[in-house]
Amino acid sequence: MKTYKKDFPIFTNRPKLIYLDNAATTQKPKSVINAVSNFYTKYNSNVHRGVYDLSFEATEIYEGTRQKIADFINASVLSEVLFTGNTTESINLVAWGYARRVLKKGDVVVLSEMEHHSNIVPWIRLKDEIGIKLFYLPIDKDFRLDYKAFFRSNINFKKVKIISLTYASNVLGTINPLEEIITLFKKKCVNAKFVVDGAQSMAHIKVDVKKMGCDFLAFSAHKMYGPSGVGVLWVKKEMLDVLTPIFSGGGMIETVTKDKVIFADAPEKFEAGTGRLEAVAGFGAAVDYINAIGLKNIAALDQVLTKHGLESLKKIKDVQIYGSLNAKDRLPIFAFNIKGIHPHDASEIFNREQICVRAGHHCAQVLLTALNTQSTLRASLSIYNSTRDIDRLIGGIEDVKKIFKIN
Amino acid sequence: MNTNDPLYREIILDNWKNPQNFGVVKNPDIDVSEVNTSCGDRVRLTGKIQNNKLVQVAFTGDGCAISKASSSLFTEQIKNMPLTKIKKLTKEDVLNNLSVKISPARYNCALLCFHALQKGLK
């Protein structure tokens, strides 16, 4: 099995590190680090400004990343790709720049129980402000989305204005069949716009926005080997005229007089102020890196890791897994608990062996409440992980059981 | 790895498995809850005051071994203590109960009950 560990300098600096917290953020390959560093050492200047060569070249890098992302997700035109700070900021742009102006009291926003807080909290705020209703699609016994529950509800389909769902759960690892869901919902909820939270999926699953049929797609660079501080909101071309910017100021105008402003066209209209120039440069290198490996190869590796992880965890007595035991349509993200042991204590023991996992509610308290637990451990894997890393984690679980004397 | 863990020593394991003052005080004068925002753990602290003394104190909640053991030791420490003295307690006094050095990442776990009491005495 090919591993990509050597591409990531952190593992040279910390050879014993077993990093299993990729759903929180991924490590960065040398090419991304170099792209960030090169921007500062060779191209640093502001973009879209100077007539001089240096600024022109910086702009080419910045806009080059936009092009790479547009190609990566099969956008129709470049202006559909808006740079934001991260997925949270992207979803907030939809909520405040679109939904807040268009939604009326009694309108419905459809979410799911497996959403990250970033795709729940902005909608709760709109509920409190406008009086919209939230409908949460439940999860079924196999930890998959029971989206058909919606059609058994008494919701007035015409009132549904937004459907906002994650492509993959950051806790369960479940991959939602979004193409199928979008087709079905758009038939019934003719007034609805579809928002996809791609934070967890972009580094694992190919997204073709045209084929998928969504209206907005939000994701972050840092969960796909890129720098932190930059994300994307992809906006379907027709929606660019309906969406309004949340921030205004420099770089987003066509003309300004003492009491009037005409905005520039997208994407500038939505990118007020100087962006994260070096992070955008690194983001481009991250997309190149994923393309060079190929999402098909990544998916194949994911399946090997998912199967091995589930097989190994299943075998241990006193381990409860929160997620499907079927590797199909599932990412190598394993939420679990060791019976009677708080996740904080377990992760402290794992840390002795430099095994990094997340312990807590994973910004998914609605899901954890549905799962009837307060917190879990979570191991989330990436291309530089191996089945051996999973075996080390299993060893860590045995250590925990020994120290806390449970058998 | 042997079971002689540097952090999870007998004092912590004992107070985790058999916490002192675990429960709720009847007709309490102090009844306060506190959440550890990083993990969602919650503690409820109840207490009875007589003659400016904390004559009864108890805690409940779901927490890690560190938070449970620390709450157990802390409630033992403050039981029957005059309020004036309790108010002077620092977080170091509470951390010292554990007899082992814990990493700053676990301070919030160990101090959850202490933070609850501070809130309750405001």
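Predicted model: local features only at pLDDT ≥ 70, side-chain atom pairs only at ≥ 80, totals over all residues.
Trainee: What does B:S71 touch, leaving out residues up to four places away in sequence?

Mentor: With those set aside, B:S71 is in contact with B:P19, B:V43, B:F59, B:L112 and B:C113. As for B:L45, which is 26 residues from B:S71 along the chain, the two C-alpha atoms are separated by 9.3 Å.

Trainee: OK, B:L45 then. What is its bridge partner in β3(B)?

Mentor: In β3(B), B:L45 is partnered by B:F59, and B:F59 is also one of the residues that B:S71 touches.

Trainee: Which residues take a positive phi in the hairpins?

Mentor: The hairpin of β1(B) and β2(B) has 4 residues between the strands, and there B:G40 takes a positive phi near 85°. In the hairpin of β2(B) and β3(B), with 2 residues between the strands, B:N51 takes a positive phi near 50°.

Trainee: Zooming out, what order do the elements of chain B run in?

Mentor: Chain B has 6 helices and 3 strands, and from the N terminus they run α-β-β-β-α-α-α-α-α. Of its 122 residues, 36% are buried, and among contacts with a separation of 6 or more, 62% are between residues 24 or more positions apart.

Trainee: Changing topic, what does chain A have in the way of helices and strands?

Mentor: Chain A has 12 helices and 15 strands. Its radius of gyration is 22 Å, which agrees with the value near 22 Å for a compact globule of 407 residues, and its C-alpha trace spans about 75 × 60 × 35 Å along the principal axes. Buried residues make up 51% of chain A, and 69% of its contacts between residues at least 6 apart in sequence join residues at least 24 apart.

Trainee: How is chain A divided into domains?

Mentor: Domain 1 covers residues 32-291 and domain 2 covers residues 294-403, with their C-alpha centres 28 Å apart. Across the boundary, 22 residues of domain 1 are in contact with 21 residues of domain 2, and the residues on the domain 1 side divide into 10 nonpolar, 7 polar and 5 charged.

Trainee: What about the largest nonpolar core, which residues have the most contacts inside it?

Mentor: That core has 153 residues, and those with the most contacts inside it are A:F216, A:L217, A:W234 and A:A286. Helix α8 of chain A, residues 277-293, gives the most to it, with 10 residues. Both domain 1 and domain 2 of chain A give residues to this core, so it lies between them.

Trainee: What is A:W234 in contact with, beyond its neighbours within four places in sequence?

Mentor: A:W234 is in contact with A:I73, A:A75, A:E80, A:V81, A:V209, A:F216 and A:L217, and of these A:F216 and A:L217 are also named among the residues with the most contacts inside the core.

Trainee: Last topic, how many residues of chain A are in contact with chain B?

Mentor: The contact involves 13 residues of chain A and 15 residues of chain B. On the chain A side, α10 (343-352), β14 (358-360) and α12 (387-403) each supply at least two residues, and the residues of that side divide into 2 nonpolar, 7 polar and 4 charged.

Conventions. Residues numbered from 1 in each chain as written. Chains lettered and ligands numbered in written order. Rg over C-alpha atoms; globule rule 2.2 N^0.38 Å. Buried ≥ 20, exposed ≤ 12 C-beta atoms within 10 Å, placed from the backbone. Contact = placed C-beta atoms within 7 Å. Domains from an automatic or database assignment. Nonpolar A, V, L, I, M, F, W, Y, C, P; charged D, E, K, R; others polar. Core = buried A, V, L, I, M, F, W, Y, C linked by C-beta atoms within 7 Å. Pairing = 2+ DSSP bridges.
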